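I opened the notebook to write down what I looked up, entry by entry.

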Amino acid sequence: MRFIDEVEIEVLGGHGGNGSAAMRREKYVPLGGPAGGDGGAGGDVILRAESRLKTLLDLRFRRIFKAKSGGHGKGKDMHGRGGGDLFVAVPIGTQVFDKDSGRLLIDLDEENQTFVAAHGGRGGRGNRHFVTPTDRAPQRSEDGEAGEHRFLRLELKLLADVGVVGFPNVGKSTFISVVSRAKVKIADYPFTTLVPNLGVVSLGEDREFVLADIPGIIEGASEGAGLGFRFLRHVERTRVLIHMLSVDPGENRDPIRDFSILLNELEKFSKRTRTASDRRSAQ
């Protein structure tokens, strides 16, 4: 399974159905009057957070989501059927942004939390709503409203209790493979881990926590060096960070200096995200 943590999608609410301008036509019923039914409301496009998903991969191959339109009203006061809502499953931890303004709309960080990404249009009224003392048989009705149309950017921030950070090739993947049930790629070259890995660590009966192995961080990562800051956002939700350092003299590394660099890059990234958040709030 490919790890995809950012996608752009297009969402369209269903159009409302048109109202009817029918008149009652029944034998032996004089002056039957207007009997046009209302159009049905269009369906909503609703994002729903589900724990079974760990990536936005499914949305990578389907970018347009359109809810069903409402049915048109008919004679004999028959209303159109409402368009069904379209539910789109996303992983817990998905943030929803308006693509044009960059504004954060919602953070779906709870199981079964929902967000109406695009509202359906209101159904049009039938001609029976337009009866007046001077017009007892109106011939007009309303068309249904168009559904909401939006472009969204979805970003996934992993939900983990503990995050493991460090330079490339210091043993993060080996550590998570030993203490959890995660199956990860391990090799003796840098940047073996190209995407975050999640593992569940058991502490006994009914006690466990989620451990995340974050791809290697190097000096300048907060500015885009190495794998860049793309995966740094996955450590923002962790309760605890484990800094893994190499003390192998054969690697000619200074663990104190490496630790200082890691702290510096995390601090720079934190300031960067706060600044971006302030800009979005101002908009």
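Entry 1, a hairpin. I began with S5 and S6, which form a hairpin with five residues between them. In the turn, Gly-102 has a positive phi of about 80°. I took helices (H or I, at least four residues) and strands (E, at least two) as DSSP runs, numbered from the N terminus. The model is predicted, so to speak of local features I need pLDDT of at least 70, side-chain atom pairs count only at pLDDT 80 or more, and totals for chains, interfaces and linings use all residues. Residues are numbered from 1 along each chain as its sequence is written, and side-chain values use heavy atoms, with hydrogens and water left out.

Val-96 is placed opposite Ile-106 of S6. Two strands pair if DSSP finds at least two bridges between them.

I traced an open sheet in the order S3-S1-S8-S5-S6, with mixed pairing. Strand S3 (64-66) and strand S6 (104-108) are its edge strands, each pairing on one side only. Neighbouring strands here are turned by 25° against each other on average, direction ignored. For such angles, axes are lines fitted to C-alpha atoms, for helices over the stretch in contact, and the angles run from 0 to 180 degrees between N-to-C directions.

I noted another open sheet, ordered S4-S2-S7, and its pairing is mixed. Its edge strands are S4 (86-91) and S7 (114-118), each with pairing on one side only. The twist averages 30° from one strand to the next. Strand S2 (residues 45-50) runs antiparallel to S7, and four bridges join them. Ile-46 has Val-116 in S7 as its bridge partner.

I searched the whole structure for aromatic pairs (centres of Phe, Tyr or six-membered Trp rings within 6.5 Å) and found zero. The charged end of Arg-153 does sit over the ring of Phe-97, 4.5 Å from its centre. That call needs NZ of Lys or CZ of Arg within 6 Å of the ring centre and within 35 degrees of the ring normal.

I counted two cavities of 30 Å³ or more. A cavity is a set of points on a 1 Å grid over the protein atoms alone where a 1.4 Å probe fits but cannot get out, and lining residues have an atom within 4 Å of a point. The second largest cavity has a volume of about 30 Å³.

How values were computed:
On a 1 Å grid over the protein atoms alone, a cavity is a set of points where a 1.4 Å probe fits but cannot get out, and a pocket is an open set with protein on both sides within 12 Å along at least five of seven lines; lining residues have an atom within 4 Å of a point. Grid points are joined across faces, edges and corners, and a volume is the space filled by probe spheres set on the points. Rings of Phe, Tyr and Trp (its six-membered ring) pair if their centres lie within 6.5 Å; planes under 30 degrees apart count as stacked, over 60 as edge-to-face and the rest as tilted.
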